[in-house]
Amino acid sequence: MRLEADIVVVGLGPTGFAAAIAAARKGKKVLALESKDKIGGVMTRCPGMPWGAGYPLDKPIGGIFTELAESMLSVEPPMARKIYSSLANFGPEVVYDHNIAINKMYDMLEEAGVDFRLNAVVYDVTMDDNNINHIKYYDMLGQHEAYGKMFIDGSGDGIIASAAGVPFQKGNEEGLMMGGTLTFIMKNCDTDKIFSYEDPYYEEFATKGVLDGELPEDMKKLYLMPAFRDGEVYFNNVNVQGVDGTDPFSVQKATREGVKKAETVIKWLKKGGIPGFEDAQMYHMGAEVGVRETRKFEGLYKLTIDELRNAPRYEDGIVCCDNPIDDVAREDDVMTHEAVVEKGKYYHIPFRVCVPKKVENLFFGGRNLSVDTYSFATVRGMPQCFAMGQAAGTAAVQCIDADVPVQEFNAEGLVKDLQKQGVNGIGEEEL
Ligand SMILES: Cc1cc2nc3c(=O)[nH]c(=O)nc-3n(C[C@H](O)[C@H](O)[C@H](O)COP(=O)(O)OP(=O)(O)OC[C@H]3O[C@@H](n4cnc5c(N)ncnc54)[C@H](O)[C@@H]3O)c2cc1C
């Protein structure tokens with residue numbers, strides 16, 4: 001089969017979803033290809049994962065993320081809640097009913113007129129010099145081709161950017177990627193008791209669990225938080241190291257290891273490892289380990305952590321952020337939540353980190369942008385990924401209309417357009 005569109009988006013996680021909607025709302029014909037049977041990306045692999053970093057200085061970043069979050073917060077009864085994280089240096093987060101959120105995202109894609117295809121696995125591109133001519137994908141019917149004027153890689157792992165020859169680094173300088181995590185939700189928990197302890201990382205309980213041989217060695221700190229519904233607790237630190245998210249078999253093996261680890265943790269909790277879980281039941285586990293980090297591409301610009309520490313603004317700044325360095329389990333159990341900027345400050349993410357140097361009709365973004373290792377650990381929250389997608393979709397439309405390659409995107413025009421779309425704190429505006 002041969003499909004054609006103005007803009008082809010790969011992946012329907014937060015980045016691809018927002019890219020597709022932003023472009024389709026401007027009247028372009030958008031085709032979006034998603035390899036799984038459900039959209040959402042990490043939201044779907046790790047159901048219930050809170051939206052963090054959407055409220056720097058406790059103010060909404062705006063745009064498609066805020067539209068989605070508001071639609072969940074304002075419905076009666078509410079299907080989301082804004083909570084204040086107890087973990088070091090994190091701001092407000094949104095917890096939500098993940099099925100309703102995903103259904104809302106399908107509605108938004110349909111309302112915008114995006115032609116989206118599930119179970120469509122993209123595996124290669126065909127180039128004409130520095131342009132992608134078409135991409136190749138397969139589904140149960142066979143192999144297909146998708147033609148477009150512009151392409152947006154929202155696949156997280158950067159499947160088309162890597163196939164198009166954009167240079168990348170996998171993981172950190174030594175090639176170590178952040179641990180993958182198998183998440184789960186427990187229900188019937190005594191949350192008043194569980195969230196009354198002073199230490200948000202439960203180190204005293206967890207260290208005892210490890211010394212007693214009842215918890216895995218790498219779990220001396222726990223990373224758990226209230227889930228959307230009363231009596232529910234969300235677990236975000238059954239980590240597995242050495243997973244290569246670009247290799248399905250590596251993810252499969254890590255998932256089996258994660259399930260066994262999670263079972264150990266649940267047994268320990270129910271025995272009173274942390275008082276408050278005695279009557280709890282596990283009722284929702286992720287289908288796979290969530291993959292945080294694989295390829296980071298070389299863009300027109302590379303953000304560094306030293307730069308972000310100065311809370312910079314950029315003329316092509318597309319979203320605000322004040323998230324800490326959330327670096328997870330590369331080699332050992334180390335989990336850092338070190339602040340990047342002083343309290344009361346935030347930085348911009350410039351759009352140049354989503355633009356390749358050579359390929360002329362491709363943007364990338366989300367968890368495959370052009371940043372150094374520690375910047376990656378602060379910019380990768382889902383709200384910022386929605387925002388990068390929204391910017392990529394908008395910029396793709398502008399490049400088509402102006403008939404220019406992506407490297408000549410119009411920073412001023414992009415920022416003005418995003419402001420009109422409700423993105424806050426960019427251009428001359430402060431949050
Ligand atoms: C364990 C874990 C915990 C996290 N905790 C938080 C948190 O608490 N708060 C927060 O805000 N963020 C959190 N994050 C970060 C956040 O979830 C990610 O950075 C974000 O989801 C990245 O969005 P994305 O759209 O770029 O990529 P993804 O969410 O990975 O989406 C990529 C999409 O592309 C699809 N795809 C991949 N390859 C192909 C292909 N070949 N063909 C077609 N489609 C393809 C995938 O199926 C997927 O749907 C966490 C991430 C993980 C893994």
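Predicted model: local features only at pLDDT ≥ 70, side-chain atom pairs only at ≥ 80, totals over all residues.
Residues are numbered from 1 along each chain as its sequence is written, and side-chain values use heavy atoms, leaving out hydrogens and water.

Two strands pair if DSSP finds at least two bridges between them. Strands of a sheet pair through backbone hydrogen bonds, either parallel or antiparallel.

## The sheet of four strands

What is the order of the strands in the open sheet of 4 strands? Reading across, it goes E1-E10-E9-E8, and the pairing is mixed. At the edges sit strand E1 (2–4) and strand E8 (121–128), each of which pairs on one side only. Neighbouring strands in this sheet are turned against each other by 25° on average, direction ignored. Here and for helices, axes are lines fitted to C-alpha atoms (for helices, over the stretch in contact), and angles between N-to-C directions run from 0 to 180 degrees.

Now walk along the antiparallel pair E8 and E9: 7 bridges join E8 to strand E9, residues 131–139. Asp124 faces Lys136 in E9, and Thr126 faces His134 in E9. The hairpin of E8 and E9 has 2 residues between the strands, and in it Asp129 takes a positive phi near 50°.

On to the next neighbour: E9 is joined by 6 bridges to strand E10 (residues 142–147), and these two run antiparallel. Ile135 has Ala146 in E10 as its bridge partner. E9 and E10 also form a hairpin, with 2 residues between them. In a regular strand the side chains alternate between the two faces of the sheet.

## The sheet of three strands

There is also an open sheet of 3 strands, with antiparallel pairing and the order E4-E6-E5. Its edge strands are E4 (51–52) and E5 (80–84), each pairing on one side only. E5 is joined to strand E6 (residues 92–96) by 5 bridges, and the two run antiparallel.

## Two helices against H4

Two packed helices are described by the angle between their axes and the distance between the axes. Helix H1 (residues 14–24) packs with helix H4 (residues 98–112) at about 25°, and their axes are 9 Å apart. That angle makes H1 roughly parallel to H4. The naming rule is simple: angles under 35 degrees count as roughly parallel, over 145 as roughly antiparallel, 65 to 115 as roughly perpendicular, and the rest as oblique.

H1 passes H4 in a left-handed crossing, the name used when the near helix is turned anticlockwise from the far one by less than a right angle; clockwise is right-handed. Which residues of H1 and H4 meet? Phe17, Ala20, Ile21 and Ala24 in H1 touch Met105, Met108, Leu109 and Ala112 in H4, where contact means heavy atoms within 4.5 Å. By class, the contact of H1 with H4 has 8 nonpolar residues, no polar and no charged ones. For these classes, Ala, Val, Leu, Ile, Met, Phe, Trp, Tyr, Cys and Pro count as nonpolar, Asp, Glu, Lys and Arg as charged, and the others, Gly among them, as polar.

Helix H3 (residues 63–73) packs with H4 at about 125°, with axes 10 Å apart. H3 and H4 are therefore oblique to each other, and H3 passes H4 in a right-handed crossing. On the H3 side the contact uses Ile64, Glu67, Leu68, Ser71 and Met72, and on the H4 side Ile100, Ala101, Lys104, Met105 and Met108. These residues divide into 7 nonpolar, 1 polar and 2 charged.

## Rings and backbone details

Rings of Phe, Tyr and Trp (its six-membered ring) pair if their centres lie within 6.5 Å; planes under 30 degrees apart count as stacked, over 60 as edge-to-face and the rest as tilted. By this rule there are 15 aromatic pairs. One of them is Tyr106 with Phe116: the ring centres are 5.8 Å apart and the planes at 35°, so the pair is tilted. Tyr106 lies in helix H4 and Phe116 in strand E7 (residues 115–117), so the pair ties together parts that are 10 residues apart in sequence.

A cis peptide bond, with omega about -5°, joins Glu76 and Pro77; Pro77 lies in the loop between H3 and E5. Leu57, in the loop between E4 and H3, has a positive phi near 55° although Leu57 is not glycine.
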